[in-house]
Amino acid sequence: MNPRLKKRLIWVAGGILAFFLILLISLLIFRGKLLEYSITRITEKVESRYPVKFTIGKAEFTDLRSVVLSGITLVPHGRDTLFTTDTVNATVSLRSIFKGRVVFRRLEVANGYLTARRDSSGNNFSFLLKREDAAPVDTTEKTARNYGRLLNNIIETAFDNVPDQVYFRNLNVSYVSTNRTIDVRMPYLTIDDGEIDSQVSIQVDTLRNNMRVHGAINPRSYVISASLFAFDERGIKVPYVKSKLGGEMSFDTLYVSLTDKTFRRDILTVKGAAMVNDLFVNHERLATEDIHVKEAAIDYSISIGPNLYVIDSLTQVRINKVKANIFASYNKGEADIVDLKVKTADVPANDFFESLPTGLFENLEGIKAEGKLKYKMDFHLNMDSVEAVKFDSDLDASKDFKIVEYGSTNLEKINSSFSHTVYEYGKPVRTFTVGPSNFFYTPIEQISPYLRNAILTAEDAYFYRHKGFHEEAFRQAIAKNIQERDFKRGGSTISMQLVKNVFLTRQKTVTRKVEEAIIVWLIENQRLVSKHRMFEVYLNIIEWGPEIYGAKDASRFYFGKQPSELTLAEAIFLTSIIPSPKRYRSSFDSAGNLRSHKAGYYRLIGGHMARRGLISQEEYDNLYPNVRLSGRARDIVVTAPDTTEEDTREFELETIDMLDF
């Protein structure tokens, strides 16, 4: 090598070494001043942004990168202290100090107290929730708020400020108001080499949970997972469920994770998993007993963008042994659009029934079956065209599917005589035998064809053709209920009404429809009961007035005759009161004549019966919308003063049967 070049390289290397040596010496000399400057900037920034007094009593280096802070308090103006801690020992990023801010790499905090208070004079924390003054809003262009961007910023800020090592001791967080007390005590919290460990005690009013938290975190990859499990045998009870919803919820272990995060083209996508073990739920609107899910899990993929919320089809939900892929989206634009898809692979039938949460479907508990089941559902709604709502739901069985053993309920019991109990508001009001031993039982052949056909026309015109469900009726019921923003129409078939009355009368819960649908599917698709027998039982158990059940009881009560003797007008009247049998008196005036609003119903039902060939044109032409009461009902209706007002609302039939005529 050229001696001159070699000499120059030595001088350059020496100069660089000297620069860093001088920089290191300067840092050692002035690091205290730099730390003091950083602390001052932080204090000024906090106090300029919020109406508080922020104090760091003492800050000093104990070695090259270790800092001890003491006497830290945050006191809102005119309010109680919000936060205080004895000491903070930290290892500081030297690079962050030169940037005028402090980033901790190792953090030890002892005896920290965050105390939020609210009383009649105000609180000491709401200032943290107030938004800073914003620039004037440009109203010339409306832009959607992007909650995906907001959530992405929160995630990145949280992860970017996680120290490599954390040792917290005796941390306390509390909220006290005139009607609420929340107290969180954390004896310790450690994060070391990406491993999280903590013990937590949470008291909400009188409910206390003691739990352990164990997990892992990788801040650079935005990955975190944590398991929360009970520290004692009581399990973990979810607060507020009882006070807010009137129920109870508890679990043994909860696992949650975030495994991937991407933010592209203004859309945030997060992926991860969650699992809960031994979940117990108790609420009278759900079931009469505790609902128990041994294990439930979800692998999720969720995307959030400008007015866009999507649960991707990669999302898989598992309830015990049954898995289903879920897709759901809500696109809020000029027209709000909702999509929901559910799909399972072939599931062994036994796994399906064993995976149903115990306490939720009492009639299905204990069923044993062979073969496989598969479910698919597709729902699409455009709020600009609600009437075109799409709903398809299919439960398919393999050719070898069959029930080999019934559990708590024999679904074939209605093939022969059985005891039937009528319930109202969850309480039994009457029990009778559905069979020949009951004087009021009537074989279907002895019931007037007028009554049979009128009921089929009004309640379920396709009863003998469908397999328990009328999807078009259900689709129209959904559209009607959405448009009315209320439950105005149900879309129940005769099969569904029969199952509801025979098997599900003991509880009126929001999950009853699911159990009803499964039982109807089993009875219809496995041909456990013939259509003929189902309709016969239906005609012998439905209510036709207070304590009036079955066609024979109704015929005698209103007209003093046998059901085989009913006229067309009498049959249509009996059909008209099926939806509200206890309000039968409102159909008559004080003289026992049908009120005028019934004429529309007679024209509608009679007209459809004539078009379907169920009555002749002559019978329809001679149909008069009135009946003559001659049974016990006459004594009740005619002798009573006329205190009811005639219903003058426009006639509209809200049953499923008027479809496709």
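**Exercise 1. Strand pairing**

In which sense do β10 and strand β13 (residues 253-264) pair, and over how many bridges?

*Solution.* The model is predicted, so local features need pLDDT of at least 70 and side-chain atom pairs count only at pLDDT 80 or more, while totals for chains, interfaces and linings use all residues. Residues are numbered from 1 along each chain as its sequence is written, and side-chain values use heavy atoms, with hydrogens and water left out.

Step 1. Recall the terms: strands are DSSP runs of E with at least two residues, helices are runs of H or I with at least four, and both are numbered from the N terminus. Two strands pair if DSSP finds at least two bridges between them.

Step 2. Apply them: β10 and β13 pair in the antiparallel sense over six bridges.

Step 3. Turn to the other partner: β10 (residues 223-230) also runs antiparallel to β9 (residues 207-218), with eight bridges.

Step 4. Examine the hairpin of β9 and β10: four residues stand between the strands, and Y222 has a positive phi near 55°.

**Exercise 2. Burial**

*Solution.* Step 1. State the cut-offs: buried means under 20% relative accessible area, exposed over 50%, and partly exposed in between, with a 1.4 Å probe and protein chains only.

Step 1. P357 counts as buried because its relative accessibility is 15%. P357 lies in the loop between α5 (349-355) and β21 (368-370).

Step 2. List the contacts of P357, where contact means heavy atoms within 4.5 Å. Leaving aside residues up to four places away in sequence, P357 touches I291, H292, V293 and I319.

Step 3. Y147 counts as partly exposed because its relative accessibility is 40%. Y147 lies in helix α3 (residues 147-160).

Step 4. For a whole helix, consider α10 (residues 531-541), where ten of the eleven residues are buried. Among them are F535, V537 and L539.

**Exercise 3. Confidence**

*Solution.* Step 1. The protein averages a pLDDT of 85, and 85% of the residues score at least 70.

Step 1. Over residues 18-28 the pLDDT stays under 50, and the model has five contacts beyond four places in sequence for this stretch. Residues 656-661 also have pLDDT below 50, with 32 contacts beyond near neighbours in sequence.

Step 2. Where pLDDT is low, the predicted coordinates should not be read in detail.

Key
Contact means heavy atoms within 4.5 Å. pLDDT is the predictor's confidence in each residue, from 0 to 100.
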